[in-house]
Amino acid sequence: MRPNERMEKTSETIIINNQATRYAWFRRLSIGSCGLAAVAFLLLTPTASAEFIKEATGKAPGLTIPELATKGPAAPGLATPGIAVSESILKDTPLIPGSPGAASGTGALAQSGLFRTLPKQGDSIVIGHQAPLFSGPLNVKSNPRDMQVMYLGQSGEKITVKSLSGEMLSFQTYDKGTLWIPLWYVSEASAKAVSLAPQYVTLRPTAKLSLAPSSSVQWNQADKAASESSQMVAMAKWNDWYGVVVAPSVWHEGYEVYRPTLLWVRDKDVTGVTPVPTPLLGTDSQASLDTIRGITELSLKLGDDKKTVEKLLGAPTFTETSEDLQTVGGDPMILGEAWRYERKDAHFIVTFSPSGKLVRTHWIIPAEGEPWNRLYAGDDYLFSQDYAVTPLPQTLDIKSEWRNQGTLGFTYLLGAGKDSLLIKGDDGGFSGMHNASSLYAVGRTYGETRWQVDAGFGVLTAVPETSGDYVNVFTSYNPAEQKYINQIRRIRMSDGKTMWEQKSGDEHRIGMWGAKKSVVLVTWKDTGEEDGTVPSVLSVLDSETGKERWRRDITREAQILNQGSDDPYVLIRDKNKLEALDLTTGEPAWQIKVKAEEEQLDDPSFEPYFSGGPQIDPFAGPDSDKRWILTGDAWQLLELKTGAVHGEYKSSPGERFEVLNERYLLVQHPLDNREYWSASLFETRLYDVAAKKTKLTISGKGSKGTIHDGMLYVAVDGIPAAFDINTGSDLWRMPNTAAEYVDLSRYTAGSFAVLDDILLFPYGSDLLILGKHDGSVIGRLRDARTGYAELRELDHRNGTVNRHGDELYIGTANGGFFRYDVGAFTAVVQ
């Protein structure tokens, strides 16, 4: 079964399984028999009032209610909604308040005929209508706008009674703890409530809002429910009661997300009813954000089709390829369609499966202080919310020259040839959750995939040669054979032909690097334990033939410092010595020894979360002439051919730095701890290698730095900013409402790209377009969904956004890879 077929089948199953749950009706409405003979007599007389008949039977003469089309058939064994006075009613036994089994505060419910007998502990009962579930029993002192509802009970859902208190009962769940529900929602009467198309209701000043129909727990709507930011919207009807939506005063507190509450008001307290104009998110909509959120929270359901959603919300502002909808690790991606609705005060994203069924929704709401991501109420993780402290970007529709769709979520540009691009694909998982990575070539002109190597959950290392004609590849796992095989091969970029390969079993582990016309390997026996007494083996192969030139033992602690395929030597650091080994003979060409009295700092470039060092241009590869290398406690800019020192930066413990160019380093300096990851206060220094001094100091942690025309563009604690290098002036920072203590660095995975008067910067899930001169948020690029995959720091920094002349290449987090024309791109923005 193909992925889209599997998704469609899943979506249809969701609908089928939920119809009975959400739209089932109970067989009949029973009436309590206190004075039942008199009731029956009055019902049969022509003088019976309409109000009395409605209260007793659940049906008003001539009642007409606008209902949603989602009212489904009765569940198996249940009659169609309706009521008739029959002999069975006369046989019902009354529940007299105060008698055994009666609970305090339930007299009104019993006398109105909702129960023949009240539920008791251990009873299995069914919820008749979608119900708010509470963490404890409520009373008149409870605030209707602060009920902190996180869960909803669905029609047809079975629960087991734990206890009764007043007009509510509790039930125990294995994953949500103890929850409370008003008794009315488990009565047979509640199953006769109908869903309404949203309607504005105008209430009398004296109107009371009830916890449920016939409830004695009531509130004055004017005092506690109404507010300037929300309107009373009716979404349900039962007899002469309207179910109205009351939005929470606070939608979330930390990780806790709250839902709107459905309360009830008698129609005699309603002075006017008008339909809520739809579409809710149309260009002419005047509905408040609270109103829209309340309606969508209670209306949209998994499995809704596009027509239903469009009728309620309107046509989307933009449609895009969705995020990956696959939830089974290792299975192929599933991409649907995302509908974006963009208001000034919020963005709303509705995502559909390939078969056109609703599978998730996502609100993005402006906030202040601290951002929150992917919050959801209760266990409805598919209906999520973001609270953003940065501007909501307007989508800009800019036509790409082509889009290539990969098979894995994250796409990074790794290298380039004359007519091919080398792309690394990754599923973004780690620590047992990583199932797949890949390497593939894409045609530079049309974007077609030419060949692909799948590496499964094993190691994948690729070193493209500077010519762009070949790439040397190491993989440790063969997913086709489903076994570990160490495989080294040289692949032609144009067509994927393997020029040579070496295979070995899984008894050894291998690391691979590049050098000029060479492949550098380190091999060590995989014993399952760290055994420093067993040496590793360093070997060098001829990259054209795959033949071994030489090998030698090295310690397990030795570190290989090669980066590109044009490095002139094998660069190896072992304890207090740095050596450059000849690629043909293995003899030292030069070496640097660290004095015994000097402290050897740990090299952060070997840490898994390291994102510093130089930003590598995939079209040029790493600089093989000069490189910053840590020797002792100093970073030295070394000429790789001779070992000559061209610059030095004396490092302090805990520092990290980025190489902006040959002259400038961007140094993150911790202020309150010698350990980088334990520090909370930083300052960032722009170090001038030529002048041998700090030229600019910035309060906070600066990263992803780029220098262009005398300007430093950098993210300071995750906020894009610009500084004049010559004057030190703080030119601008992207508008934000973040608290001073908040670090937003987790949103900044990629790097800046400069295009004339604009900057491109991957930020969270958006590729932002910023004004270069003022930092204004011009917008976001349509369909370029970005993201962050943990432990791929350098892949994000080097491979997400790249400009080469008039060509602009963009990787995404949903398998897409784009090429744009720079001139056409900037023309649309300007």
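**View 1. Y788 sits in the loop between β55 (777–781) and α9 (793–799).** Helices and strands here are DSSP runs numbered from the N terminus, with at least four residues (H or I) for a helix and at least two (E) for a strand. This is a predicted model, in which local features need pLDDT of at least 70, side-chain atom pairs count only at pLDDT 80 or more, and totals for chains, interfaces and linings use all residues. Residues are numbered from 1 along each chain as its sequence is written, and side-chain values use heavy atoms, leaving out hydrogens and water. With a relative accessible area of 37%, Y788 is partly exposed; that term covers values between buried (under 20%) and exposed (over 50%), using a 1.4 Å probe and protein chains only.

**View 2. Strands β56 (residues 801–804) and β57 (residues 807–811) run antiparallel.** The two are joined by 4 bridges; pairing requires at least two bridges found by DSSP. One to look for links V801 to its partner I810 in β57. The hairpin has 2 residues between its strands, and G805 takes a positive phi near 65°.

**View 3. N472 is a buried residue, with a relative accessible area of 3%.** You will find N472 in strand β29 (residues 470–478). Leaving aside residues up to four places away in sequence, N472 touches T461, A462, V463, E465, R489, R490, M512, V519 and S543. A contact means heavy atoms within 4.5 Å.

**View 4. I181 and L313 have the most contacts inside the largest nonpolar core, which has 84 residues.** A core is a set of buried Ala, Val, Leu, Ile, Met, Phe, Trp, Tyr and Cys residues joined through side-chain atoms within 4.5 Å. Beyond four places in sequence, I181 touches residues including I127, P132, L133, I159 and F171.

**View 5. Helix α7 (residues 289–299) is mostly covered.** Of its 11 residues, 10 are buried, among them D290, R293 and L298. Across the chain, buried residues make up 53% of the 830 residues.
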